[in-house]
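The exercises below ask you to work through a structure step by step, checking each task against the coordinates before you read its solution. Please have the sequence and the 3D view open side by side.

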Amino acid sequence: MEVVLIVIVILAVVVVGGGIVSYNRFVTQRNLIRDAWANIDTELRRRYDLIPNLVETVRGYASHEREVLENVTRARAMATSATGSPAEQAAAEGPLVAALRQLFAVVENYPDLKANQNFLALQTELTNTEDRLQTARRFYNANVRDYNRRVQAFPSNVVANVFNFHEEQFFEVDEALRGDAGVPRVDFTGATPGVSFGGPAGTAPGGEPPTTPSGASVPPATPSDAPPMPGDEGPPPPPPPART
Amino acid sequence: MNDGLPFLVIVFALIAAGVAYWQWQARKRRIAGFMGLAQRLGLRYSQEDPFGLLAEPVALFRRGDGRGIEHVMDGSYRDTPIRAFDYWFYDESTDSQGRRSRSYSYFSCVLMPIEASCYRTSIAPESVFSRLADALTFRDIEFESEAFNRAWNVTSDEPRFAHTFVDARMCEWLLANGGPHAFEVVGDRILVARRRIAPEAYPAMLDTAIAFRGQVPTVVFDLYPRAG
């Protein structure tokens with residue numbers, strides 16, 4: 001009888017402990033998704049803020065392209081007013097991206113506009129924003145994918161059902177702003193001519209250890225960090241010179 | 001029985017001498033191969049490592065119980081500063097009778113600087129072991145392309161960085177051209193590594209390394225600029 005009791009207690013501890021861990025992981029994942037969505041929102045706002053300037057600049061050279069300009073303005077207004085779910089936001093982004101693509105196609109007919117410094121600066125900024133937006137979108141969707149998988153899979157779906165963790169929506173925009181008729185692609189091949197090995201081995205220029213964007217030092221690698229490498233199981237060796 | 005012992009000793013000694021000679025010849029050929037290649041590519045060659053490359057913060061250089069670097073080529077290749085070299089490490093093990101043995105692993109590597117400050121991220125071909133590790137630790141980062149997820153294993157100290165670094169274009173390129181290479185970025189360095197190759201195969205590997213660097217999305221340089 002005592003043994004049975006002990007087994008029951010152990011099982012209960014395992015189940016409750018597992019449930020707590022699973023619950024906490026759901027909370028962490030949900031917060032990560034919210035954080036990732038906030039990043040998308042920031043980049044979308046940045047894009048919305050750039051569009052009025054872009055429209056005004058284009059209007060200065062191509063005022064009779066009224067319909068195209070109005071389309072962009074209208075689509076922007078629709079997109080900025082969409083404050084619902086990722087799916088709704090994505091649906092509102094589609095027409096905006098399409099309108100912007102049309103605008104950039106029209107610009108091709110105005111060489112003076114294409115050479116305008118203000119326009120070029122806006123175009124570059126829009127390109128960068130688009131890149132950041134795509135990065136944020138990929139990160140958001142990856143987190144949603146992981147989270148949804150846990151919501152669906154056993155046994156974590158039990159915890160999800162009990163504590164009302166529901167599947168999250170992906171953020172999928174059909175049209176990409178980049179492309180043949182959109183913001184021009186930047187070919188980065190060989191675009192870092194000034195790059196060099198810099199300071200001593202393992203240090204960034206200025207003698208600082210490699211740092212993360214937040215300024216924290218990159219910690220030294222540990223054997224467990226090492227990626228699986230092709231060739232780990234190499235042929236029997238000729239003994240190399242002994243050095244460590 | 002005793003009469004045959006001297007004969008056996010002589011046979012073993014001859015075999016050992018033959019193996020040693022073969023190894024010496026192979027090493028000589030490799031050195032000559034590297035010297036010729038370096039001269040052809042306009043690179044400097046050093047039999048030893050003059051740069052202390054083992055101090056580079058890449059994870060591969062922390063593996064094993066002992067390690068070394070040799071045959072270092074250094075210079076500019078296709079307008080890119082590179083350091084190409086042989087790397088090896090060994091794992092030591094002891095059997096039940098206390099006998100020690102070493103198992104060696106050999107790699108060919110290319111190290112390049114990158115104008116960014118990268119979180120440690122490794123991109124290596126998937127294997128049975130990496131799949132098992134993924135299942136146990138959930139450390140593999142998954143991307144939108146299922147084909148890519150099946151073929152490549154990506155781990156990173158910062159998943160957000162990994163999703164910035166490995167975009168759709170990079171996925172496609174790796175699927176088409178990554179081949180047997182493993183890639184690691186950390187700080188302002190890119191390391192490309194694969195199972196040891198002959199010196200004459202190095203130019204193709206250098207091309208792969210430079211092409212990989214060319215695939216790095218511009219947004220990486222925007223969001224993670226090199227410190228200093």
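Predicted model: local features only at pLDDT ≥ 70, side-chain atom pairs only at ≥ 80, totals over all residues.

**Exercise 1.** Is H71(B) buried or exposed? Describe its backbone and its place as well.

*Solution.* Begin with the place, which is strand β2 (residues 66–77) of chain B. Turning to the backbone, H71(B) is not a glycine, yet its phi is positive, at about 55°. To settle the burial, count the other C-beta atoms within 10 Å of H71(B), of which there are 24; since 20 or more count as buried, H71(B) is buried.

**Exercise 2.** Describe the make-up of each chain in helices, strands and buried residues.

*Solution.* Take chain A to begin with: it has six helices and zero strands, so that its elements, read from the N terminus on, run α-α-α-α-α-α. Of its 244 residues, 27% count as buried, and among its contacts with a separation of 6 or more, 71% are between residues 24 or more positions apart. Chain B, in turn, contains seven helices and six strands, and these follow one another along the sequence as α-β-β-β-β-α-α-β-α-α-β-α-α. Chain B has 228 residues, 43% of them buried, and its C-alpha trace spans about 75 × 45 × 35 Å along its principal axes. For contacts in chain B between residues at least 6 apart in sequence, the share that joins residues at least 24 apart is 66%.

**Exercise 3.** At what angle do helix α1 and α2 of chain A pack, and which residues make the contact?

*Solution.* The axes of helix α1 (residues 2–61) and α2(A) lie 10 Å apart, and the angle between them is about 170°. An angle over 145 degrees counts as roughly antiparallel, and therefore α1(A) is roughly antiparallel to α2(A). From α1(A) the contact draws on Y48(A), I51(A), V55(A), V58(A) and R59(A), while α2(A) brings L69(A), V72(A), T73(A), R76(A), A79(A) and T80(A). Sorted by class, these residues are seven nonpolar, two polar and two charged.

**Exercise 4.** How do helices α2 and α3 of chain A cross, and what does their contact consist of?

*Solution.* Helix α2 (residues 66–81) of chain A and helix α3 (residues 86–107) of chain A have axes that come within 8 Å and cross at roughly 155°. Because of that angle, α2(A) is roughly antiparallel to α3(A). The handedness of this crossing is left-handed. On the α2(A) side the contact includes V68(A), N71(A), V72(A) and A75(A), and among the residues they and their neighbours meet in α3(A) are A92(A), L96(A), A99(A) and L103(A). By class, the residues of this contact are twelve nonpolar, two polar and two charged.

**Exercise 5.** Which residues of the largest nonpolar core touch the most other members?

*Solution.* The largest nonpolar core has 74 residues, and those touching the most other members are Y140(A), C109(B), V110(B), V192(B) and L206(B). The element that gives the most to this core is strand β4 (residues 100–125) of chain B, with eleven residues. Looking at C109(B) in detail, and leaving aside its neighbours within four places in sequence, we find contacts with A84(B), F85(B), Y87(B), L191(B), V192(B) and A193(B). A second, separate core of 16 residues includes L69(A), A75(A), A79(A) and L96(A).

**Exercise 6.** Which two residues of chain A does a cis peptide bond join?

*Solution.* The bond joins F154(A) and P155(A), with an omega of about 5°. As for its place, P155(A) is in the loop between α5 (117–152) and α6 (156–162) of chain A.

Definitions and conventions. Residues numbered from 1 in each chain as written. Chains lettered and ligands numbered in written order. Axes fitted to C-alpha atoms, helices over the stretch in contact; angles between N-to-C directions. Helix = DSSP H or I, 4+ residues; strand = E, 2+ residues; numbered from the N terminus. Parallel < 35°, antiparallel > 145°, perpendicular 65-115°, else oblique. Left-handed = near helix turned anticlockwise from the far one by under 90°. Contact = placed C-beta atoms within 7 Å. Nonpolar A, V, L, I, M, F, W, Y, C, P; charged D, E, K, R; others polar. Buried ≥ 20, exposed ≤ 12 C-beta atoms within 10 Å, placed from the backbone. Core = buried A, V, L, I, M, F, W, Y, C linked by C-beta atoms within 7 Å.
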